Amino acid sequence: MTQLSKTTSTCETQWKMLLVQVLTLIYLISVCAAQEVTAIPTSDETTYVPPTTYDPPVPSVTSVLSDVYINEKVVLKCSISSSSGWTFTWEKNGQRLSQNADFSFQDQNSELTITANRKDLSGSYTCRGEKQGKGSKTSEATDVKVSEPPVPLLIRQTAWTDVFVGEAVSFKCEPNLPAEWKIIWHKNNQPLDKEGPSLHIESVTENDKGTYVCQAKLKSRLFSSGFSNTTDLNVKSNNPKLTLSRSPDFDRFYPEESISFTCTVDVTSEWKYQWYKDGEKVADSSSNTHTIASLKPSDKGQYHCKVQRGKGPLYESNAESVEVADNKPKPVLGRSPTFPTMYPGESISFTCTVDMQSGWKYQWYKDGGKVADSSSNTHKIASLKPSDKGQYHCKVQRGKGPLYESNTESVEVADNKPKPDLTRSPTFPTMYPGESINFTCTVDMQSGWEYEWYHRDVKNPSLSSKTITIGSVTHGDKGDYRCLAKRDQLKTDQSDPVSLEVSDPPTPILKLLSPWSDVFENEVLKFSCDVSSSEWTFTWHKNQNLIADEKGSVLNNAAAKVSDGGQYSCKAHHKDRRGVSSAFSNTSTVSVYDKLPTPTLSRDPMFTPMFIGETVKLKCAVDVSSGWSYHWYKDGSNLNKPGKELSIELKLSDKGGYSCEAKRGEKTSTGRSKETQLDVREIPVPLLSHKTQWLDVFPAESVQLSCRMEGSSGWTFIWYKDLKEYREGNVIDSEAESILSISQASHSHRGKYLCSGRLKGRSVSSTRSSPLELQVYDGKPTVTLLQDPSDKLMHTSDLISFTCHVNVSSGWKYIWYKDNKQFKSSGNSHQIASAKTSDSGSYRCQVERKTTKTFSSDSRDVELTIKERPKANIVLLTTWSEVFSTDSLKLECDVMGSSDSWNYTWYKEDINVSRSLSSTYKVTPHDDPEQSSYTCEGIRTERPMYSQRSDSYRTKNLLLKRRILLSISGCLFFGIIAVFIGCVALRIFRKPVVADDKQEETSLFLTMAQLKDRNDAPCPLVEYITDADVNPPVKEGEENGTSCSEATSLPITTPDEQAATANGKEATENGGGMVSFLQ
């Protein structure tokens, strides 16, 4: 079958399906309408139903349990035996129940499950049924009781918590519960295979260790009580550790002493004790101690103990050995020291010695009476008194044993301490350093004494002999000496003091009897040496060398020589005590010169030059010796002014050379000093000048004035304004110049300024300088920015100039700004040679001049707007129709986007060819045989005064097109004529077609009657059903189906029809229609 028949069949099937769906819908609507009508009977068809009496049934409630414990569940079932299909409601104590955590319903609410997790769920429960709007009666009440389950109490019946392997242990679970309960035992949370209220372990093993609890369970149902309290059973794997100790722990005991044994178990509870000696039991006891009150020699041996709990095993301790002597001990009393006579203050110690062992207690007795108890075997009397003399003995005892008595010792104590006697040799009242002396300390009684020596009440620990010697006495040895004697702890009283005076020999005093210590040859040199007493002789020394043959108290040299210079001193020697000499006297240094000195002249101050009115002091000094008189000279003439110093208040006449000369005695005179020149000058006048370039300034500008002294330094300067001292401004001083800086000038700074100088450290002041007048303007200078030309609106390529003008003063620097941003430009003018649109903006200039601080002033802003210059455009006015009738071209120049009035200038190859200012220009082949390039430009008397030139327009292209169009037109005309002639000739000379050979033309389109008779007729709705409705997009994986559409192909059988169909299909694709062309 052809493609068209397939498409037609598909469309027919679709119509049939649509018809079936419509008929089905009509049928269903009819059926529903019929049912509604039947359901409503008419009044004629109503049937009478007689009334009936309803007797509600009584439901019954059944339950397996009614008495339960907390956490058990109770199931109540409600039923009506006469019928089914009932829905039930439940009540507790008359209150209706709803499903929650305590109550749940099943099977049309006929079954109620109560989760009894609280006691308040106890109560009376009833039910009631309901079916088809009818209810039953309420059932009889069923009582439910919820009780707390019993809580067992676990009791450990053995008295100890720690159990050893092999011992027995018992537990009991209380209270005794009714017969329906049974007791279950657990260890470490695991059940034991044992039941009943008691648990007994006959012989404990390590496996029995753990935590035990008991629990009660109901025999009738699966319910258990809570667990009892827990009890831990700690089973020790090792036997208990027994330790046997004894007290006292003597190595050996004596008869009648007591001893106690203690049996200690590391686990202390409920033990029974057994005591053994040499393997034989001697006692049973519940106490862990065993005492023997009075030992006998037969009690010596090996002792141990055994312990037991209940019926458990016996555990044995270590053994303790006891030694018992056959006889009692005998103590011996001794004493230290053993001097027959003791003195008050001495100490004595008694020692009570027992032949062996320890642990003794001691009792001390004097003349039969107890004086002390002690645990030490010594008894000490630290400081004896006469009352301490007598008979001493001791007694000893161990523990509570018997007392044992020693021998006796006798002690004699004198009534007073002895006092030593101190002597010395020699006995001179005053000792000189270097001499020797002995001291002796004597005690008249007994022996065995040691000695202590004291000097100035300070003990000398290195001295302990009876006699001490000081071989060479020094000043440190002077003072009081004492001694005492000691024996052990006894010390006698100190002896009476013996005084030692140590003094240096008197130091002689050396005196220079000559008038001066620095002498010249042949002058007199004389000394004296003096001591306060007459017991001395003298020796003379020069440079600490002895001068022979000079022993008197005076040393005289009538004519000094240079060799006599040096350091002189003397010494004194004692006439009677050999070896005693004084120290050197004070020294006197003498210099002997062979030449006379030259005086030195100095002056104060040392300034050069000096100025009139200053004071200068001249000083003449001789650096050798003393006693000089001075004489002054000026320019060689004696000034007749005595004294070491010469003071002069300077005048110009004091200028000159000064010198001095020194003399002493009648024959000693120095030469003249070196001459000193004094340069005396007039005081200079300071020079005032300005360091800034100008003296006319504006507010806030800075000014600097300079004051200096020409050819001089060291000056300080004082500033004046209008003849008054000026202290404002910042002044910087140097050695020769002072600079006055005014950082911000104001109206108050106007005036005449002067300065004067003063020398530093000197009373020299100059006169005032010449004045300088400072002019300060009232305000800032006026800065004006001028534009040429002054138009606010300019155009690209225009020439624009700016000039910055200042009305006063000079020295200005110009700074240029555009839109508040500085740009570079030199001088007071700025020129834009060819304006651009980017040159638009706000222009401003600023002037400044710099001193120590920059001062500036700004002009007002000048706004400049640069627009793009309009451009001319050439338009061809000659139309295409006129191209064929004329040889000339007419061009028109127009300024684009401008509504202003313009005149025009024409250019050919950039050469002005304007004959007039017209906007049009005519081009002919005669005028332009080369077919050149043309441009134009608009001009006017206002801005913008000219436009941009137009783009070039070349006439050669236009004439070429004209020739081409003429050629094409001629070809078309002659072609039409040739076709027309050919058609006429074909009509005349063509043969007619025979009727039988004429092919029947097939109708491509069917009538409606033909369509009805055909099964493969195209769908009549093809024009109304779109491709999107019939052929939805094919899903992936589905085959392409065929649908009826406007472009559906028709069945064609003949070749001509196929060709027509092909043409029709192409036409349909292009335009949607079907056209057939037959040849």
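Analyst: Start with burial: buried means under 20% relative accessible area, exposed over 50%, and partly exposed in between, using a 1.4 Å probe and protein chains only. This is a predicted model, where local features need pLDDT of at least 70, side-chain atom pairs count only at pLDDT 80 or more, and totals for chains, interfaces and linings use all residues. Residues are numbered from 1 along each chain as its sequence is written, and side-chain values use heavy atoms, with hydrogens and water left out.

User: Is His795 buried or exposed?

Analyst: His795 counts as buried because its relative accessibility is 7%. His795 sits in strand 73 (residues 793-795); strands here are DSSP runs of E, at least two residues, numbered from the N terminus.

User: What is His795 in contact with?

Analyst: Contact means heavy atoms within 4.5 Å. Leaving aside neighbours within four places in sequence, the partners of His795 include Ala835, Ile866, Arg943 and Pro944.

User: Where is Ser139 found?

Analyst: Look in the loop between strand 9 (134-138) and strand 10 (142-147). Ser139 is buried, at 6% relative accessible area. Beyond its neighbours within four places in sequence, Ser139 is in contact with Pro59, Val61, Thr126 and Cys127.

User: How do I read a sheet?

Analyst: Two strands pair if DSSP finds at least two bridges between them. Strand 53 pairs with strand 55 (residues 615-621) over 5 bridges, and Asp604 stands opposite Lys617 in strand 55.

Conventions
Helices (H or I, at least four residues) and strands (E, at least two) are DSSP runs, numbered from the N terminus.
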